[in-house]
Amino acid sequence: MESYSKNIMPCAACKLLRRRCTKDCIFLPYFPPSEPEKFAAVHRIFGASNISKMLQQEIPVNDREDAVISLVYEATTRLKEPVYGCASLISSLQMQIFQMQSKLNEALAETVTLKTQLANALSIIISSQSHQSNHITEKNNFNLIDFQQLSECNINDNASNARLLDLPVTDSYLEHM
Ligand SMILES: [Zn+2]
């Protein structure tokens, strides 16, 4: 293998492993020297040899970058959570999903209740307005009949007029008309 170059820094893996980095180094594209902590984590948890084999033999080139990201994530989490590793995060997130789902179900149930109450309230309002509308129509019809009856009456028929106007029909009233 050709030496990478004395002018270019070796990748983080080669630097940690104290070996010569080449342009064909499997770690070079994924572990830049500016982020040494990433390779340190995966090396400690999975081992450099296993990472190398995984990248070269098991993972297609196009998927290697994503694989390294997930390996670094898993290794970093495992270093922080030696017992459960990523499983602790997964468990915590699943608990949050369960709690959120419960709240969502409560909110949906409340929405159904409120919609029912709204529908009932609207039904009462519509029923009330319909009743008032009928009452006004009846009243208008009654007034129309009054007007027609009055117009048909003899203007000198005071007794008839008084009855239609619901006035007390008395002799003194008739005398003064
Ligand atoms: Zn290297």
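1. Contact between H2 and H4. In this predicted model, H2 contributes Lys38, Ala41, Val42, Arg44 and Ile45 to a contact with H4, where the partners are Leu71, Val72, Ala75, Thr76, Arg78 and Leu79. Sorted by class, the residues of this contact are seven nonpolar, one polar and three charged.

2. Geometry of the pair. Two packed helices are described by the angle between their axes and the distance between the axes. For H2 and H4 the axes come within 8 Å and cross at roughly 70 degrees. The range of 65 to 115 degrees counts as roughly perpendicular, so H2 is roughly perpendicular to H4.

3. Helix H4. This helix covers residues 61-80, which is 20 residues. At 1.5 Å a residue H4 should span 28 Å, and its end C-alpha atoms are 29 Å apart, so the two values agree. An α-helix has 3.6 residues a turn, so residues three or four places apart point the same way.

4. Is Ile69 buried or exposed? Ile69 counts as exposed because it has 12 C-beta neighbours inside 10 Å, and a residue with 12 or fewer falls in that class.

5. Helix H2. Lys38, Phe39, Ala41, Val42 and His43 are buried in H2. The buried residues of H2 pack against helix H1 (12-17), as well as H3 and H4. After H2 comes Gly47, which has a positive phi near 90 degrees.

6. Val42. This residue lies in helix H2 and is buried, with 25 other C-beta atoms within 10 Å. Which residues does Val42 touch, leaving aside its neighbours within four places in sequence? They are Ile51, Leu71, Val72 and Ala75. Val42 and Arg78 are 36 residues apart in sequence, and their C-alpha atoms are 9.7 Å apart in space.

7. The nonpolar core. The largest nonpolar core has 16 residues, and Cys11, Ala13, Phe27, Phe31 and Val42 touch the most other members. H1, H2 and H4 each supply at least two residues of this core. The largest share, four residues, comes from H4.

8. Cys11 and Phe31. Cys11 sits in the segment before H1 and counts as buried because it has 23 C-beta neighbours inside 10 Å. Leaving aside neighbours within four places in sequence, Cys11 is in contact with Cys21, Cys25, Phe27, Leu28, Phe31, Pro32 and Pro33. The C-alpha atoms of Cys11 and Phe39, 28 residues apart along the chain, are separated by 9.4 Å. Phe31 touches Cys11, Ala12, Ala13, Lys38 and Phe39, again not counting residues up to four places away in sequence.

9. Two loop residues. Arg18 lies in the loop between H1 and H2. Although Arg18 is not a glycine, its phi is positive, at about 55 degrees. Arg18 counts as exposed because it has 7 C-beta neighbours inside 10 Å. Ile59 is in the loop between H3 and H4. With 16 C-beta neighbours inside 10 Å, Ile59 counts as partly exposed. Beyond residues up to four places away in sequence, Ile59 touches Met54, Arg64 and Ala67.

10. The whole protein. How many helices and strands does the secondary structure of the protein have? There are seven helices and zero strands, and along the sequence the pattern reads α-α-α-α-α-α-α. Of the 177 residues in the protein, 11% are buried. Among contacts between residues at least 6 apart in sequence, 33% join residues at least 24 apart.

How values were computed:
Residues numbered from 1 in each chain as written. Predicted model: local features only at pLDDT ≥ 70, side-chain atom pairs only at ≥ 80, totals over all residues. Expected span 1.5 Å × (residues − 1). Buried ≥ 20, exposed ≤ 12 C-beta atoms within 10 Å, placed from the backbone. Contact = placed C-beta atoms within 7 Å. Axes fitted to C-alpha atoms, helices over the stretch in contact; angles between N-to-C directions. Parallel < 35°, antiparallel > 145°, perpendicular 65-115°, else oblique. Nonpolar A, V, L, I, M, F, W, Y, C, P; charged D, E, K, R; others polar. Core = buried A, V, L, I, M, F, W, Y, C linked by C-beta atoms within 7 Å.
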